[in-house]
Amino acid sequence: MFYLRLARGYRVLDLGRWLLTALAGAVVAAFLLRALGRAMSGPADGHDALVRLLWCLPPLAAVAWFAAVAARAVPARRADRITGLTTAGAGAGRIRALIAGEVALACGAGAGLTLLLFLVLRNDIAGPGLADELGMGVALPAAAPVTLLALVPLTAGLAAAGAVRPAETLPGRSGAEPTGFGPWRLALPIGLAVIGLALELIALRPGAAADGRPIQLPAGLGSTSTAALGGWVASAVGLALLTGPLLGWAGRLLAVGRPTPLRLLAGRGLTAQARRLGAPLAVLALALAVVLTTVRYWLGEPGSADVLPAIEAALVLGCTAGAVVVRLAELRTARRGVAEALLRLGAAPRLLFGAVVLRTLMTGTVLLVTGGATAALAAAGLR
Amino acid sequence: MSAAPPDNDVLWARGIVKSHQGTPALRGVSLGVREGEVLAVTGPRGSGKSTLLGCLSALLPVDEGEVWFNSSPVHTLGRAGRERLRRDRFGFVGSEPHLVPELTARENVALPLLLAGAGGKAAYTAADEWLERLDIGDLAKVRPERLVQGQRQRIAVARALAPLPPVVFADDPTAPLHRETAEQVLRILTSAARSHQLTLVLATHDPELVRYADRAVALLDGRLTGPATPVPRGIAAPGTAGATAVPAAGR
């Protein structure tokens with residue numbers, strides 16, 4: 001009841017967050033229940049069932065990622081609510097539990113709806129096409145769906161709880177956060193990217209063995225070799241980790257020399273936000289690169305496209321894009337005070353808008369470089 | 001009927017009424033600010049000091065009444081006109097420094113000059129000079145998050161003074177500061193205003209700090225309690241006597 005009363009005060013963005021969490025939870029639950037249904041109706045072969053369960057991991061991770069980013073944004077976005085709760089006597093732990101509980105509740109609601117649909121469909125409503133997927137005609141062990149579906153709210157809730165910073169739930173926090181990147185934070189991604197690139201180049205050298213691609217990847221990601229796959233994974237992770245520092249450098253580049261107010265505000269703003277903005281953008285770029293590689297394969301070989309990987313790709317893209325939107329909204333709220341101070345100084349709103357446009361252009365360029373490089377390496381290595 | 005205001009008043013307000021979403025903040029305030037004076041506006045929290053300064057400094061449009069600056073009307077200006085007036089003619093120090101966190105101290109101070117269209121070199125040179133004058137020259141390349149509140153507030157003062165605006169508004173600039181730092185900030189502000197013949201409108205909740213002003217008015221529940229009264233010189237602590245006297249600087 002408490003959550004419902006809190007939810008009444010929600011605005012569009014919060015409701016969207018709730019709905020996306022519930023929808024994503026529902027889809028992941030559908031994947032899990034389908035794996036259960038196939039396991040019940042198929043032969044008692046553990047390998048295929050395990051593979052199907054493993055396929056549920058990427059969407060589950062995507063939901064957890066979105067839940068974490070969204071939960072992290074709540075104290076900044078709804079500072080008044082956190083202040084109210086703190087004044088009413090809720091400690092940091094209680095607030096963390098409240099935020100995580102809200103996410104878990106949304107996921108649980110979605111999963112519950114899917115379970116309802118699953119049970120209704122099993123009741124001889126679905127045609128023979130779906131009979132295998134639902135495990136029709138086989139008695140359903142009650143513990144199985146409950147255990148599987150508890151996984152969804154539990155994972156999302158734990159991710160959310162882990163993401164909330166207790167210090168930020170306190171009203172009147174300083175708001176100062178580190179903006180730079182330590183030496184290790186720079187050396188690691190550069191090293192990973194270089195090693196990955198070298199590995200992939202070695203695997204793809206002209207003189208490589210003709211049957212050098214023994215690994216058959218699922219869902220149209222093509223075939224590859226251990227070295228090429230390892231090299232691509234290393235370079236993709238390296239490039240993703242490098243997104244934040246690259247954004248910071250792009251900001252410095254914008255404000256180089258004796259900048260005009262437009263370049264100064266855009267550049268320094270980008271450098272200051274690079275840490276916060278880098279993570280969700282890097283994840284989105286990585287997901288996009290993988291999905292685009294798959295889609296390219298589907299387009300190249302008619303009949304290779306499949307419904308389930310397509311749904312999975314849409315879910316992962318939706319969650320990662322949602323995470324970016326939530327983070328942008330969080331940053332916007334955090335910068336409201338700065339914008340007010342600038343307007344107070346007599347800065348024209350057009351100048352602030354121009355700074356945002358310039359910042360967006362620069363961010364887009366960085367993402368094109370990292371995402372494009374990841375996609376190009378994937379296209380070369382996974383074929 | 002709107003008679004033109006007296007010539008010796010740089011700012012002149014008549015019958016200002018202003019409310020925030022139905023809550024009345026000012027209920028008919030009339031006030032004249034003389035050129036080059038330090039005018040203190042006192043009153044407890046919630047008495048309407050901030051709103052009065054907001055209306056006088058062209059930040060908030062008035063609901064009723066008139067505001068004139070240098071014999072030209074402010075209350076009839078649109079948003080863009082008020083913006084231009086704030087940028088080119090007014091300086092402002094709030095009770096919080098409200099610095100741009102990602103800019104260094106000198107960039108923060110140079111910002112109003114840059115916004116007003118000054119060249120980069122001139123703006124940064126002026127910023128360095130002001131930081132030097134306020135004893136924080138060695139912090140020019142530090143971002144505000146690494147500074148203590150008193151240093152941040154001094155940067156905010158430098159930012160307000162650097163373009164040498166004809167009128168500087170200070171809305172309870174000492175609210176978050178300890179007494180010692182508060183006195184120092186006020187001394188800097190008033191002595192800089194006096195040495196550059198700037199007009200300073202200073203709102204404060206602390207009646208003791210009135211001694212830095214030439215004249216004082218008191219606000220209570222959105223109304224002035226009486227006309228502006230001169231502050232007796234006996235208790236005044238003019239900045240020129242202080243140790244941190246600000247040397248005159250040409251623009």
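Let me begin with A:R332, which counts as exposed because its relative accessibility is 69%, where exposed means over 50% relative accessible area, buried under 20% and partly exposed in between, with a 1.4 Å probe and protein chains only. Please bear in mind that this is a predicted model, in which local features need pLDDT of at least 70 and side-chain atom pairs count only at pLDDT 80 or more, while totals for chains, interfaces and linings use all residues. Residues are numbered from 1 along each chain as its sequence is written, chains are lettered from A in the order in which they are written, and side-chain values use heavy atoms, with hydrogens and water left out.

A:R332 sits in helix α12 of chain A, residues 307-334, a helix being a DSSP run of H or I with at least four residues, and a strand a run of E with at least two, numbered from the N terminus.

Turning to chain B, B:T190 belongs to helix α6, residues 179-195, and is buried, since its relative accessible area is 0%. Leaving aside residues up to four places away in sequence, B:T190 touches B:V38, B:L200 and B:Y212, contact meaning heavy atoms within 4.5 Å.
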